Amino acid sequence: MADPVWRLRSAGAADADALALVASATFLETYAGSLDGADMVAHCLANNTREKFAAWASDPHSAVTLAEALPGHAPLGYTVLTSVDLPIAPREGDIELRRIYAMGRLHGTGAGPALMTQALSDAARLGKDRVVLGVWGENHRAHRFYERQGFSVIGTRQFTVGSVVHDDLVYARGV
């Protein structure tokens with residue numbers, strides 16, 4: 001298959017259904033075979049709701065970006081940049097990249113770096129000077145991506161999916 005053609009655009013509350021759908025699809029695609037299936041489904045149903053995405057997209061202190069296929073505008077990836085909810089002492093000027101995911105068909109097309117570039121640009125637009133994020137300690141592909149993007153580990157956290165507690169790394173980089 002040829003590389004898909006895609007675009008990025010700012011997402012609004014009207015995109016909440018598409019965001020919830022791509023959020024669950026990318027989470028399942030990323031972690032299938034690594035996490036318990038029933039736990040993953042429960043996690044998606046609880047955390048990838050239309051209401052949650054509508055709230056983020058409507059928040060003037062947050063930024064949500066959607067990656068879409070062309071033609072047709074099917075959702076293929078997204079980012080959510082919002083207030084920090086990590087076990088670190090947040091600094092003035094911090095913002096959390098709460099989510100960054102792209103469907104596998106976008107891997108290798110430049111969509112991931114483009115999503116990150118947009119998130120960093122949005123952070124600056126929002127008056128922030130450091131982006132922080134948490135990632136599963138076993139997601140080595142993501143670790144490599146974040147490190148190529150200039151992020152460094154600044155701490156750890158525990159993250160629960162279902163009944164299993166996972167160890168995550170917390171990364172940060174300046175805007």
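## Buried and exposed

A residue counts as buried here when its relative accessible area is under 20%, and as exposed when that area is over 50%. Keep those cut-offs in mind while looking around this predicted model.

Start with helix 5, which covers residues 140–148 and has Ala142, His143, Phe145 and Tyr146 buried.

Just past the end of helix 5, Gly150 has a positive phi of about 95°.

## The nonpolar cores

Tyr146 turns up again in the largest nonpolar core, a set of 47 residues. Along with Phe27, Phe53, Tyr78, Leu97, Met116 and Val131, Tyr146 is among those with the most contacts inside that core. Helix 1 supplies the largest share of this core, with 7 residues. Apart from this core lies another one, made of 5 residues that include Leu86, Val132, Val170 and Ala172.

Phe27 is worth a look too: beyond its neighbours within four places in sequence, Phe27 touches Leu35, Met40, His43, Cys44, Tyr101 and Val161.

## A nonpolar patch outside

Now for the surface, where Leu28, Val41 and Leu45 make up a nonpolar patch with about 280 Å² of accessible area together. Leu28 belongs to helix 1 (residues 16–31). Its relative accessibility is 34%, so Leu28 counts as partly exposed.

Notes
Residues are numbered from 1 along each chain as its sequence is written. This is a predicted model: local features need pLDDT of at least 70, side-chain atom pairs count only at pLDDT 80 or more; totals for chains, interfaces and linings use all residues. Side-chain values use heavy atoms; hydrogens and water are left out. Patches are made of residues with over 30% relative accessible area and no salt bridge: like charges are joined within 9 Å, nonpolar side chains (Val, Leu, Ile, Met, Phe, Trp, Tyr) within 5 Å. Accessible areas come from the Shrake-Rupley method with a 1.4 Å probe; for residues, only the protein chains shown count as cover. A salt bridge is a side-chain nitrogen of Lys or Arg within 4 Å of a carboxyl oxygen of Asp or Glu. Helices (H or I, at least four residues) and strands (E, at least two) are DSSP runs, numbered from the N terminus. Buried means under 20% relative accessible area, exposed over 50%, partly exposed in between (1.4 Å probe, protein chains only). A nonpolar core is a set of buried Ala, Val, Leu, Ile, Met, Phe, Trp, Tyr and Cys residues joined through side-chain atoms within 4.5 Å. Contact means heavy atoms within 4.5 Å.
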